[in-house]
Amino acid sequence: LPVRLTCVCVRACAGVVVAAALLVLGCASSGATARPLVGAAAAKQPLQTSRPYNIAHRGSNGELPEETAAAYMRAVDEGADFIEADIVATKDGHLVCFHDVTLDDTTDVADHKEFAARRRTLQVQWANVTGYFITDFTLAELKTLRVKQRWSFRDKSHDGISPIITFDEFIDIALNAKRVVGIYPEMKSPVFINQHVKWADGKKYEDKFIATLKKYGYGGKYMTKRWTERPVFIQSFAPTSLIYAADLTDSPKVFLIDDVTVRTEDTDQSYEEITSDEYLDYMREYVVGIGPWKDTVVPPTRDNTLTTPTDMVAMAHARGLQVHPYTYRNENRFLHYNFRQDPYAEYDYWLNDVGVDGLFTDFPASLRRFQDWTAAKN
Amino acid sequence: MDSLWHASVIVLVLLFIGGSDANPAARRHSQLDVNHKKQPLQTFRPYNIAHRGSNGEIPEETAAAYLRAIDEGTDFIETDILASEDGHLICFHDVTLDNTTDIASRTEFAGRKRTYEVQGVNMTGWFTVDFTLRELKSLRVKQRFSFRDQQYNGKYNILTFDEFILIALHADRVVGIYPEIKNPIFINQHVKWSGGKKFEDKFVETLLKYGYKGKYMSEDWLMKPLFIQSFAPTSLIYISNITNAPKLLLIDETTVPTQDTNQSYYEITSNGYLAFIRKYVIGIGPWKDTIIPPENNHLGPATDLVARAHALNLQVHPYTFRNENSYLHFNFHQDPYAEYEYWLREIGVDALFTDFTGSLHKYLEWTAPHQNKEKKCRGPPA
């Protein structure tokens, strides 16, 4: 067995199923070689901090189904600075990497007749959503599902191969990389999770999330030695979760900001309110940056061209806040015409004209190439 | 002929002044003066050919699309030459006007819709060969693809071959031209010229008028770079008697026979045929998916076409490279630069026809900038 597999077997709670899946992945993925044991951080190539961060949004999900071990390992191979994940909880309180609260769009749950009766309608952020809710499944049940590529226009040849992974398994992938790779986990839908999942010890979702990070030695303020050895950004759309987490850990946090019409799920505040001078002054006590939807920073016209940028980046930078917009994708349907259907032109604009500090991208390989090729010029 | 040339120049000037936004070249009055020292054509790395101009951004084969391509750093601007009813050579890709002009909304031309046989297939539409140049000039061009920028629709008109050449010659650096003898069988069937001349004669006449001549890499050629392309081998053989400018044989899908000699793909890519055509052309321009046929939108095994062409000292200029993910095989992860890298570094072709000359220029500048002067061997001059 390869060295990597042995390390994961020791740590993983789900045991044989995970090991088997990772063995399949190990055969399927390209370029993965023996990895050093966790703890030999001093020998690793450090995180680059001289240019904006390349954040692999849900892993290299342009190529492989999102939030799977394969997608994360591909992102590591492709040179991402950070691998990003959305953390939600199972019925029996395990933290897993998964974006949606329902399993419908990215798994084969619809093919599992044994779960057919679990389809239901719940309220999620004031809207009714119907589907198979992840909070209605135990971890063991989730592990019988297989993940599929969300988008019809992306490669579907890996569908049905990979399972959902736990927060622990995600962290393992980062720590087992040959170089220092940061993690960027999100406290996802905390209001919904805390409504539907209860932990026996009275702890809530945010407690479990932070406890997992601490278990693996994540801690320390941004750019401290401790942080650079185990880089992490904790992100959330819910300000109260970030403020609550600030009491538990000094790890850097990033406040995510949704579209202009969406209100915060915990405090029911509007976009205008949470991007005001006063609110940013307030939040900068708790976070090191903001993560806005890119179309709110530079709004597009109906004809798919860019209009004048807002002053959001200036306001953030004036307060020492980083800006990490989301999400950068190669497909032309996601590119405004100014970029001539060229994802590298979009990177160029955001990194060099707008001047942000990191990009969440579905295509870390493309961003890495752009940064490497243009680094020589700078 | 003279008055028409003057009219073309006036039209070109009016194009610059009147209404189109994307013509910064209008401010630079580079002369046709041979004493003016222009930055020469780069010849150390593969050629960047702006297929129909920068048509990823601006409607194809318009002055604006060509000027954008020049601004973006292209090596060659490419065009398809057809003819009008009254024998003028125009830049236009389709034999019909339907897909890229506002012809359908022109009630005055409603009665001109026809059905003709084109390369063995019946086609219905408004054919360029049924319109005089003046009538064609009254039309406005639009972006062919719905997923590309529509904001320039209705702004630009169809160019003549003369106007296209003048755009290249007026650039403030040396920019080559890459015109195609397009649908010559069809054109010669429908358009007649006086003096027994045919389409190919008029095509070459135009080039000679502007001083295009000289073998590949000769001093004459480097000052006015030119490749003549066609899918019809007899047209290329015919014109080799009247010009020694370099020519390329275009090669279509494996199912499409040549329009003039009715030969199959397999025949014209055989070693015997390539050795024969090598006497007349310096390269081939194949459809890229015939060089490396795809399977389930992944690249299959490569054929040996490039190796065999290179063994005969034939350049390979495949078409067409586009940024949109629907055109990219999954191996490239929806990244057009990954596709450039594969074709130029791994397969090693000598040029690319691209709808996005700006992107290809960036790739080339970032990975093979002018300072490095890598010597790309393309074989001795033809």
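## Annotated domains

In an unreviewed UniProt entry, the annotation "domain: GP-PDE" covers residues 52–371 of chain A. For chain B, the UniProt annotation "domain: GP-PDE" (unreviewed entry) spans residues 46–364.

This is a predicted model, in which local features need pLDDT of at least 70, side-chain atom pairs count only at pLDDT 80 or more, and totals for chains, interfaces and linings use all residues. Residues are numbered from 1 along each chain as its sequence is written, chains are lettered from A and ligands numbered from 1 in the order in which they are written, and side-chain values use heavy atoms, with hydrogens and water left out.

## Composition and burial

Secondary structure comes from DSSP runs, numbered from the N terminus: helices are H or I with at least four residues, strands are E with at least two. Residues 52–371 of chain A are 30% helix and 15% strand. The end C-alpha atoms of that stretch lie 9 Å apart. In chain B, residues 46–364 are 30% helix and 17% strand. Here the end C-alpha atoms are 9 Å apart.

Chain B as a whole has 14 helices and 14 strands. A residue is buried under 20% relative accessible area, exposed over 50%, and partly exposed in between (1.4 Å probe, protein chains only). Of the 382 residues in chain B, 59% are buried. A contact means heavy atoms within 4.5 Å. Among chain B contacts with a separation of 6 or more, 70% link residues 24 or more positions apart.

## Helices in chain A

Helix H3 of chain A runs over residues 69–77 and is mostly covered. Eight of its nine residues are buried. They are Ala69(A), Ala70(A), Ala71(A), Tyr72(A), Met73(A), Arg74(A), Ala75(A) and Val76(A).

Helices H5 (residues 167–175) and H7 (residues 205–215) of chain A pack at about 35 degrees, axes 11 Å apart. Axes are lines fitted to C-alpha atoms, for helices over the stretch in contact, and angles run from 0 to 180 degrees between N-to-C directions. The crossing of H5(A) past H7(A) is right-handed. A crossing is right-handed if the near helix is turned clockwise from the far one by less than a right angle, left-handed if anticlockwise. H5(A) contributes Phe167(A), Asp168(A) and Ile171(A) to the contact; H7(A) contributes Phe209(A), Thr212(A), Leu213(A) and Lys215(A). By class, the contact has four nonpolar, one polar and two charged residues. Nonpolar covers Ala, Val, Leu, Ile, Met, Phe, Trp, Tyr, Cys and Pro; charged covers Asp, Glu, Lys and Arg; the others, Gly among them, are polar.

## Buried lysine and cysteines

Lys188(A) sits in the loop between strand S6 (182–187) and helix H6 (190–196) of chain A. Its relative accessibility is 11%, so Lys188(A) counts as buried. Beyond neighbours within four places in sequence, Lys188(A) is in contact with Asp86(A), Ile87(A), Val88(A), His99(A), Ile193(A), Tyr205(A) and Phe237(A).

Cys97(A) is buried because its relative accessibility is 1%. Cys91(B) also has 1% relative accessibility and counts as buried. Cys91(B) belongs to strand S3 (residues 89–91) of chain B. Its C-alpha atom is 4.9 Å from that of Ile81(B), ten residues away along the chain. With neighbours within four places left aside, the contacts of Cys91(B) include Glu61(B), Asp80(B), Thr160(B) and Phe164(B).

## Backbone exceptions

Two cis peptide bonds deserve a look. One joins Tyr326(A) and Thr327(A), with omega about -15 degrees. Thr327(A) is in the loop between strand S10 (322–323) and helix H14 (343–354) of chain A. Another runs from Tyr319(B) to Thr320(B), with omega near -20 degrees. Thr320(B) is in the loop between strand S13 (315–316) and helix H13 (336–347) of chain B.

Gln119(B) has phi near 50 degrees. This residue lies in the loop between strands S4 (114–118) and S5 (121–125) of chain B. Gln119(B) is partly exposed, at 45% relative accessible area. Asn262(B), not a glycine either, has a positive phi of about 50 degrees. Its loop connects strand S9 (247–251) and helix H9 (265–268) of chain B. Asn262(B) is exposed, at 59% relative accessible area.

Conventions:
UniProt positions renumbered as here; feature names shortened; annotations may be inferred.
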